[in-house]
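Keep the model open beside you and look up each residue as it comes along.

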Amino acid sequence: MSEKTITMYGAEWCGDCRRTKKQLTELGVDFDYIDLVVEPEKADEAKEISGRTNIPVVVYPDGSHQVEPTNPEVLAKLKYLSFV
């Protein structure tokens, strides 16, 4: 993961994942999207990061992460990291 890369683990069937993906896209934030349906082996990575099986898992360049974050939580973190 590069210094300024956000990684999101999710799946298209997940409403929270679609919402978070849309928010990042609309804000013009570059992120790596890992579709857990296409790459099911990556689910273990997401669980290792979050300690849970819930998605989306959004991993930030400062090493922190959010699980099932609300749009205001994502926006606050992006502002804190100077992405927006």
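**Notes on the fold, the core and a few residues**

1. Let us begin with Leu-27, a partly exposed residue whose relative accessible area is 35%. In these notes buried means under 20% relative accessible area, exposed means over 50%, and partly exposed lies in between, using a 1.4 Å probe and protein chains only. Leu-27 sits in the loop between H1 and strand S2 (31–35). Leaving aside residues up to four places away in sequence, Leu-27 touches Leu-75, Leu-78 and Val-84, where a contact means heavy atoms within 4.5 Å. Pro-40 is 13 residues from Leu-27 along the chain, and their C-alpha atoms are separated by 28 Å.

2. A word on the source: this is a predicted model, in which local features need pLDDT of at least 70 and side-chain atom pairs count only at pLDDT 80 or more, while totals for chains, interfaces and linings use all residues. Residues are numbered from 1 along each chain as its sequence is written, and side-chain values use heavy atoms, with hydrogens and water left out.

3. Now the overall plan. The protein chain has three helices and four strands, which follow the order β-α-β-α-β-β-α from the N terminus on. Helices (H or I, at least four residues) and strands (E, at least two) are DSSP runs, numbered from the N terminus. The radius of gyration of the protein chain is 12 Å, close to the 12 Å from the globule rule for 84 residues, so the chain is as compact as a globular protein of that length. That radius is taken over C-alpha atoms, and the rule is 2.2 Å times the number of residues to the power 0.38. Along its principal axes, the C-alpha trace spans about 30 × 25 × 20 Å.

4. What about the inside? Of the 84 residues of the protein chain, 38% count as buried. The largest nonpolar core has 21 residues, and those with the most contacts inside it are Ile-6, Tyr-9, Leu-24, Tyr-60 and Leu-78. Such a core is a set of buried Ala, Val, Leu, Ile, Met, Phe, Trp, Tyr and Cys residues joined through side-chain atoms within 4.5 Å. At least two residues of this core come from each of strand S1 (6–10), H1, S2, strand S3 (57–59) and H3.

5. How do helix H1 (residues 15–26) and helix H3 (residues 71–80) pack, and at what angle? Their angle is about 35 degrees, and their axes are 10 Å apart. Axes are lines fitted to C-alpha atoms, for helices over the stretch in contact, and angles run from 0 to 180 degrees between N-to-C directions. On the H1 side, Arg-19, Thr-20, Gln-23 and Leu-24 meet Asn-71, Val-74, Leu-75 and Leu-78 in H3.

6. Ile-55 and Pro-56 are joined by a cis peptide bond, with omega about 5 degrees, and Pro-56 lies in the loop between helix H2 (43–50) and S3. Glu-68 is not a glycine, yet it has a positive phi of about 50 degrees; this residue is in the loop between strand S4 (65–67) and H3. Glu-68 is partly exposed, at 32% relative accessibility. Ser-82, in the segment after H3, also has a positive phi, near 65 degrees, and counts as exposed at 59% relative accessibility.
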